[in-house]
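Subject: Structure handover

Hello,

Here is the structure for you to look over. Please open it first, then read my notes below.

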Amino acid sequence: MAVDRERIAALVRELLGAIGEDPERPGLKQTPDRVADAYAEFFSGVGEDAAAPLARTISVSRGPAPDTLPSGAVMLRGIRFRSVCEHHLLPFRGHAHIAYLPGEQVVGLGALPKVVEILASRPQVQERLGEQIADTIAASLDARGVLVVLDASHECVTMRGGQQADASTVTIAARGEFTDPVARAELIALMSAHPGARE
């Protein structure tokens, strides 16, 4: 479903009037259209199939490198993402770290950031975002385990309320073998060592 830019622009004009501003003054005249364009980008994942990037898998045993079977987890760290918190419509951004324990199928590493991007490009809460990423990977691949760690800074925390500029939120979603804390401890340590984990 495409974002209705005209409707958003009309609502932004109304919002500007509601806060006591003049939407026709030079500095604000183009703002409704700019916000509509930004929202079309921010919410481009609404209605999109997050599993679509995982549709093309590679057989581990019959693929191009059957002599290099993975013996452990496949991990991609430091996937940058941005989203909009559905509580205040303020941005949050950070890094996603994803690991999965392959079965017979693996996926091209470039597919994992696409899953994150689709799911993050919706009104979200971080807790649900991590769970949705884990569920999508677990349902689309024959993975024996999936682990998703999100580390993000929320403008509803940094810019309003307590205004904690350095605060970040970390969430963990685990499936399969990685629901065991011992099984995921090494992966979490590796994820935490990534420079983006604290950025």
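Helices (H or I, at least four residues) and strands (E, at least two) are DSSP runs, numbered from the N terminus. This is a predicted model, in which local features need pLDDT of at least 70, side-chain atom pairs count only at pLDDT 80 or more, and totals for chains, interfaces and linings use all residues. Residues are numbered from 1 along each chain as its sequence is written, and side-chain values use heavy atoms, with hydrogens and water left out.

Overall picture

The protein chain has six helices and seven strands. Their order along the sequence is α-α-β-β-β-β-α-β-α-β-α-β-α. The C-alpha trace spans about 65 × 35 × 20 Å along its principal axes. Of the 199 residues, 39% are buried. Buried means under 20% relative accessible area, exposed means over 50%, and partly exposed lies in between (1.4 Å probe, protein chains only). The chain exposes about 11,000 Å², and carbon and sulfur atoms supply 53% of that. Those areas come from the Shrake-Rupley method with a 1.4 Å probe; for residues, only the protein chains shown count as cover.

Now the contacts, meaning heavy atoms within 4.5 Å. Take those between residues at least 6 apart in sequence: 69% join residues at least 24 apart.

The sheet

Five strands make an open sheet in the order β5-β2-β3-β6-β7, with mixed pairing. The edge strands are β5 and β7 (169–176), each pairing on one side only. Two strands count as paired if DSSP finds at least two bridges between them.

- β2 (residues 74–85) and β3 (residues 91–101) are antiparallel, over nine bridges. Leu-76 stands opposite Ile-98 in β3.
- β2 and β5 (residues 123–124) are parallel, over two bridges. Here Val-84 faces Pro-123 of β5.
- β6 and β7 run antiparallel, joined by eight bridges. Asp-151 has Val-170 in β7 as its bridge partner.

Helix α3 lies across β2, β3 and β5, at about 15° to β2. For that angle, axes are lines fitted to C-alpha atoms (for helices over the stretch in contact), and angles run from 0 to 180 degrees between N-to-C directions.

The hairpin turn

β2 and β3 form a hairpin with five residues between them. Leu-89 sits in that loop. Have a look at its backbone: Leu-89 has a positive phi of about 55° although it is not a glycine. Most residues other than glycine have a negative phi. Is Leu-89 buried, partly exposed or exposed? Leu-89 is partly exposed, with a relative accessible area of 44%.

The cores

A nonpolar core is a set of buried Ala, Val, Leu, Ile, Met, Phe, Trp, Tyr and Cys residues joined through side-chain atoms within 4.5 Å. The largest one has 31 residues. Phe-81, Ile-98, Tyr-100, Leu-129, Ile-133, Ile-137 and Val-148 have the most contacts inside it. At least two residues each come from β2, β3, β4 (105–107), α3 (111–120), α4 (126–140) and β6 (145–154). α3 gives the most, with seven residues. Apart from this core lies another, of eight residues, including Leu-101, Val-149, Phe-178 and Met-191.

What does Tyr-100 touch, not counting residues up to four places away in sequence? Among its partners are Val-74, Val-107, Leu-112, Ile-137, Leu-141 and Phe-178.

Best regards
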